[in-house]
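Q: Could we work through this structure feature by feature, with the general idea before each case?

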Amino acid sequence: MKKLLKNKKYLVPIILVLAALLIFSLSSDKSKKEDTGQTEVTMELMSDELEEKVRHMCEKVDGVGNVYVMLTLDTSEEYVYASDTEKSETFTRSEFVTSDGNGVELYVVCPKVRGVAVVCDGGDSAVIKKTLTELISCALGIPTSSISIAGT
């Protein structure tokens with residue numbers, strides 16, 4: 001490296017490469033922050049929408065009223081992008097296929113529901129608890145042990 005710095009014809013290209021790496025690093029950090037913010041908003045909207053659907057479904061059951069639903073999600077959504085992989089005996093190189101500097105999104109893996117808590121009029125009844133637990137379990141594909149029903 002010292003030899004390269006002594007030879008002045010390499011100094012300008014080295015500075016340009018370092019500047020480009022710095023700019024790329026800063027823009028990469030900015031896009032990561034923007035993506036995180038968008039994911040948080042999407043997660044909150046998804047959770048709110050599911051809670052609303054569960055609430056409406058529970059309200060349709062005879063003997064149930066004034067329903068409050070809290071739903072927790074297990075993980076955040078995951079974006080899966082296309083990639084190009086080159087393998088040889090000595091190395092494996094993968095890079096994302098890009099379009100205008102952004103990854104090409106193939107699909108989004110939605111988060112799984114971890115648990116559901118429901119507080120409602122009629123929730124003290126064993127029959128209502130059983131009905132709502134089985135209904136929510138079937139609708140969301142989660143075990144009945146991840147569902148709690150309480151009365152008001």
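**Reading the model**

A: Let us begin with the sheet: strands β1 and β8 run antiparallel and are joined by seven bridges. Strands here are DSSP runs of E with at least two residues, helices are runs of H or I with at least four residues, and both are numbered from the N terminus. Two strands pair if DSSP finds at least two bridges between them. This is a predicted model, in which local features need pLDDT of at least 70 and side-chain atom pairs count only at pLDDT 80 or more, while totals for chains, interfaces and linings use all residues. Residues are numbered from 1 along each chain as its sequence is written, and side-chain values use heavy atoms, with hydrogens and water left out.

Q: Which residue stands opposite Gly 65?

A: Gly 65 faces Asp 121 in β8.

Q: In what order do the three strands form the open sheet?

A: The order is β1-β8-β9, and the pairing is mixed. At the edges are β1 and β9 (147–151), each of which pairs on one side only. From one strand to the next, the twist averages 15°; axes are lines fitted to C-alpha atoms, for helices over the stretch in contact, and angles run from 0 to 180 degrees between N-to-C directions.

Q: How many bridges join β8 to β9?

A: Strand β8 (residues 113–121) is joined to β9 by five bridges, and the two run parallel. Val 116 stands opposite Ile 147 in β9, and Val 118 stands opposite Ile 149 in β9.

Q: Where does helix α3 lie?

A: Helix α3 (residues 126–140) lies across β1, β8 and β9, and runs at about 145° to β9. One of its residues is Ile 128.

Q: With which residues is Ile 128 in contact, leaving aside its neighbours within four places in sequence?

A: Contact means heavy atoms within 4.5 Å. Beyond its neighbours within four places in sequence, Ile 128 is in contact with Val 61, Asp 62, Gly 63, Val 64, Gly 122 and Gly 123. Ile 128 and Cys 58 are 70 residues apart in sequence, with their C-alpha atoms 9.7 Å apart in space.

Q: What does the backbone of Asn 66 show about phi?

A: In general, most residues other than glycine have a negative phi. Asn 66 has a positive phi of about 45°, although it is not a glycine. Asn 66 belongs to strand β1 and is exposed, with a relative accessible area of 60%.

Q: Which residues form the nonpolar patch on the surface?

A: Patches are made of residues with over 30% relative accessible area and no salt bridge; like charges are joined within 9 Å, and nonpolar side chains (Val, Leu, Ile, Met, Phe, Trp, Tyr) within 5 Å. Accessible areas come from the Shrake-Rupley method with a 1.4 Å probe, and for residues only the protein chains shown count as cover. Here the patch consists of Tyr 68, Met 70 and Val 119, with about 290 Å² of accessible area together. Tyr 68 lies in strand β1 and counts as exposed because its relative accessibility is 52%.

Q: Which residues are linked in a network of salt bridges?

A: A salt bridge is a side-chain nitrogen of Lys or Arg within 4 Å of a carboxyl oxygen of Asp or Glu. The network links Glu 52, Arg 55 and Glu 59. Between Arg 55 and Glu 52, the closest N and O atoms are 2.5 Å apart. These two residues are three apart in helix α2 (residues 11–59), so about one helical turn separates them. The side chains of Arg 55 and Glu 59 meet at 2.6 Å, N to O, and both residues lie in helix α2, four residues apart.

Q: What does the salt bridge of Asp 74 and Arg 114 tie together?

A: In this pair the closest N and O atoms are 2.9 Å apart. Asp 74 lies in the loop between β1 and β2 (78–81) and Arg 114 in strand β8, so the pair ties together parts that are 40 residues apart in sequence. Asp 74 counts as partly exposed, at 37% relative accessibility.

Key. Buried < 20%, exposed > 50% of the residue type's maximum accessible area, 1.4 Å probe, protein only.
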